[in-house]
Every structure is written in C-alpha cells, then in structure tokens.
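Please read them with the structure open.

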Amino acid sequence: MQKKFLTNLGLILSLNLLIKPIYIFGIEKAVQEQVGTADYGIYFAILNFSFLLTIVLDFGITNFNNKNIAQNSHLFTKHFSSLFTLKLILAVIYIIIVVVMGLVVGYDSRLMKLLLIQGFNMFLVFFINYLRSNLAALHLFKTDGIISVMDRSILIVAGIFLLNSGVLYSENGIMYFVYMQTCSLLLTTFIAFFIIVKKTHSFRFSWNWPFSLMILKKSFPFAILTLLMSFYNRIDSVMIERMLPDGDVQSGIYAQGFRILDATNMIAFLVAGVLLPVFSRMLKQNESVESLVKLISTLLLTPAIVIGVGCAFYNTELIGYLYYKGIDKIINAEELATATLHLRESSKIFSLLMLSFIAVSTSYIYGTLLTANGNMRQMNYMAASGMILNIVFNYILIRQFEAYGSSISSMTTQFLTAIIQVAIAQKIFKFKINYRLINMFITYLVGVIAINYGTKMLPFDWMVSFAIMVISCGLWAFITGIVSIKSMFRLLKYG
C-alpha cells in the first residue's frame, strides 16, 4: 500500500507544483496588482464568506463518499446517480441561503452580484471535488491528478489574455476575473463528469428520497466538521472586512500573506486527499497505519518546518519581492509612505501565517487519519473549540491590531487544534511514543532557526542567503537523521 501511495502522491504533487504556483504567483498576484488592493480585498472577503456556507453545498458528502467508496467500490455505480441529483438540489438551496445571508450582512447590489457569481463558482469547485472523490476512492489517482490541475491550467492560459487586455483596470475589473474563473470551472466540471460517467455501468437522473435521507444522515458528521473547520480557517478576512473602517484594504493586505500560505497548503491538502482513501482501505483490512503515519509525518513536516521558519525570517524580503518591487521608485511621498506601511504590515502577517503551516500540515495528517477511522465526534469537538477560539480571538485582536491581530488568532488556533488532533490519534490508536523521532524534530527545528539566523547575517544579496539557508536545512535534515540515505533508497524502492 505504501508503494502505491508514494507513486501516486508523487504524480499528483508534481502536477500541482508545476501548475498551481504559476497561477497563484503569476496570474492571481498580477490580478490583485491591476484591480487594486481594495477591490481584491473585497473579492477575497466575499470568496471566504461564500466558503463559510458550504456546509449546505456539500453536507460532508465528498469526504463520506471518498471513505465509503474506497471501502466499498462495488457501490460506486449505485450511489453516483442518486448523489449527483442530491448535489444539484443542495446547490440550489445553497445559492438561496448565500443570497439571504448576503442581504442580512448588508452587502449592496454590486457586492451581491459578486457574491451570487462567487457562490455559483463555489458550487462548481465543490462539485469537481465530489467528482474527484470518486476517482480517488477508486484509486484512479492519475486521472484525479490531471483533473486537480485542469481548472488552473485553463485559468493560466485565459489569464494571460485577460491581464494583457487592460480590462482589469476598469471599475468592474474584478468581475472579469470572476467570470474567467466560472468558465474554467465549468469546462473542468464537464470533462470530469464525462470521465466519471464512463466508469459507471449506467447513469440517469434519479431521486430516491429514502436513499438521500440515509446519505444525509451518514454524512451529517462530515458536514458539521466541514462547517466548523471552514469557520476557523476562513472567517478571518470576513471579520476584517466587516469590522474595520478600511476593511477592504486590510483584507487585501491579509490576502497577500494568505495567498502564499494557500499555495504551500496545497501540498498538505493533496497529501490528505490521497491519504484518506488509503487510510480508509488499510483500516478496513485491519492493517497497521503506524508506519505510514511516521513516514508521511517525516515527508511533510520536515519541509513544513523549513518553509514556515524560513518565511518568518525572510518575511520582508519575500513580500517585498512579490508585491512591492517598485517601492524604491515611488516619488510621491504620500504613496511611498502608504506602500511602506503596507509592506511592513503584510510582512508581519505573513510571518505568523507561514509559521502556522507547520500546524496545518500536522492537522492534515492526523485529522485525515481520524476521519478515515470514523472518529467524527472527537473531530467535531476539536473543530468546534477551534471555531470558538478563533472567533473570540479575532473579535478581540482585530480591534486592537487590525489584520495583524487576525494572523495572531489564526496561528494560535491552528497550533492548538493540531495538538488536540495528535493527542486524540495517540489515545485512539495507541501509537508508541517515538521519543527518538520527537527529539530529532526538536533538534531539527532548533537547527533550522539557527541556520536562518546565521544566513540573515551573511553579507550577500538576500536571495543568495535564502538559497544557502534552504541548502543548509536540507543537509541538516541528513545530519539529524530525519532524512537518511537509507530512507531515500527505500522511497525509490516504493516508487
């Protein structure tokens, strides 16, 4: 099972590491530069607002389906037609609720239009995820990998034309970007749907109320988990935009750091997507998952430490390079002061968000294991605690520190929930406490901090120092034994 897991994980990661960074840093970043920080901040807040309500849109069906079909592949054809119809009905209900909640929050007609289209886009995103869950559950990881990057690949091509057209500089520039997303998601949905239909023995639109009710009951714990985790992962920008007088600008500044976190989270998210059906099948067959958990922890947490700590040390350099390249050429004193302030604020936010990547990676490993094992009650208690903590911290800290306060809240919540998930997994699976591995991680973390501190003192251009830091951290991984020549050969053997 480890051999198949590593082979397919390598393929999916390779495809996504090739495509998605180009979109995030090439297209999405350029869009924000052309439409402006304020307009992009509004878009970012509404994007996350629409995400908060996706409990209605998905109702936990995707995770339930992934786990269920992985363990009972013979049910695929029987379930797909009925679930397809159920997903469409839930989508209609979701759009209605999104519109009502938008009116309650107080969005004007322009924002309501943006919210409505973004809600439709969110439906397409989750529908694609549902279609992909069938592919992953059937262990068709290669096809799943291609579908996972298809919409971004289309967006890259379309985005090049859009960015060079000049329409994003107009008053409704952000809308053109949203329309482009709609087209790419629609095309990806149709392609994924026809691939899935070919895998079924028969397909027709059908409505089976008893079956739908049974699925909704079984997926309800997954739905609650999705809702709670959505709140403590996505509510930050919504509260920033609503609570502050300049909330649109502050949300845009927060989005600059969050975009990079989102790009790195892609790695952990994709690992979890492959892990869920693998863990589910192993647990049903009563296979031990301890060695796989140890292996994936090493593979994921080692680079997470380098990325998190490295970005915290080189925060100003990285944010300045990505968003404020021309700051030294600004002549107007007021514009220079504003840009300098935004750079400083964005860099501070970026530091804390990227440190939380270590916690997020941990959660993806142990949260996926607990989900595959059906420990939904414990996961929901954990997520409820995280949601309450994050909302309370945000309410207090945003008023005092603006967007930076939200990054403090996010990092604190992510680490607390990660620790809780590790503790729950340890208690349920009775893993042997690997003190040697824990000591190696602590030693490695201390060494990475020292390496970053040392390279910052070097009299070189920051890019050279950053490269030296990355190489040194790689060597330090071998020295501490977290990564060994023996384990590398073992991975090659698995692949």
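1. Contact here means heavy atoms within 4.5 Å. Among contacts in the chain with a separation of 6 or more, 86% are between residues 24 or more positions apart.

2. This is a predicted model, in which local features need pLDDT of at least 70 and side-chain atom pairs count only at pLDDT 80 or more, while totals for chains, interfaces and linings use all residues. Residues are numbered from 1 along each chain as its sequence is written, and side-chain values use heavy atoms, with hydrogens and water left out.

3. Confidence comes next. pLDDT is the predictor's confidence in each residue, from 0 to 100. Its mean over the chain is 83, and 87% of the residues reach 70 or more. Over residues 491-495 the pLDDT is below 50, and this stretch has 8 contacts in the model beyond near neighbours in sequence. Where pLDDT is low, the predicted coordinates should not be read in detail.

4. The chain has 18 helices and 0 strands. Both are DSSP runs numbered from the N terminus: helices are H or I over at least four residues, strands are E over at least two. Of the 495 residues, 55% count as buried. Buried means under 20% relative accessible area, exposed over 50%, and partly exposed in between (1.4 Å probe, protein chains only). The chain exposes about 21,700 Å², and carbon and sulfur atoms supply 68% of that area. These areas come from the Shrake-Rupley method with a 1.4 Å probe; for residues, only the protein chains shown count as cover.

5. Look at helix α10, residues 247-284. It has 38 residues, yet its end C-alpha atoms are only 48 Å apart, short of the 56 Å that a straight helix would reach at 1.5 Å a residue. The expected span is 1.5 Å times one less than the number of residues. Where does α10 bend? The bend is at Q256, by about 30 degrees. That angle lies between axes fitted to the seven residues ending there and the seven starting there. Of the 38 residues of α10, 30 are buried, so the helix is largely enclosed by the rest of the structure.

6. G257 also lies in α10. G257 is buried, with a relative accessible area of 0%. Leaving aside neighbours within four places in sequence, G257 is in contact with S346, F350 and L353.

7. L300 lies in helix α11, residues 290-313. It counts as buried, at 4% relative accessibility. Beyond neighbours within four places, L300 is in contact with I267, A268, V271, S361 and I365. L300 and I365 are 65 residues apart in sequence, and their C-alpha atoms are 8.6 Å apart.

8. Most residues other than glycine have a negative phi. N286 is found in the loop between α10 and α11, and is exposed at 72% relative accessible area. E402 has a phi near 60 degrees, again a positive value in a residue other than glycine. E402 sits in the loop between α14 (376-401) and α15 (403-429).

9. N48 is in helix α2, residues 37-52. It is buried, with a relative accessible area of 2%. A polar contact of 2.7 Å joins the side chains of N48 and S237. Such a contact is a pair of N or O atoms within 3.5 Å; within protein, one must be able to donate a hydrogen and the other to accept it, and residues adjacent in sequence count only if both atoms are side-chain atoms. Apart from neighbours within four places in sequence, N48 is in contact with R234, S237 and V238.

10. T455 belongs to helix α16, residues 435-456. Its relative accessibility is 5%, and T455 counts as buried. Which backbone oxygen does the side chain of T455 reach? The answer is that of N452, at 3.1 Å. Not counting residues up to four places away in sequence, T455 touches Y314, S465, I468 and M469.
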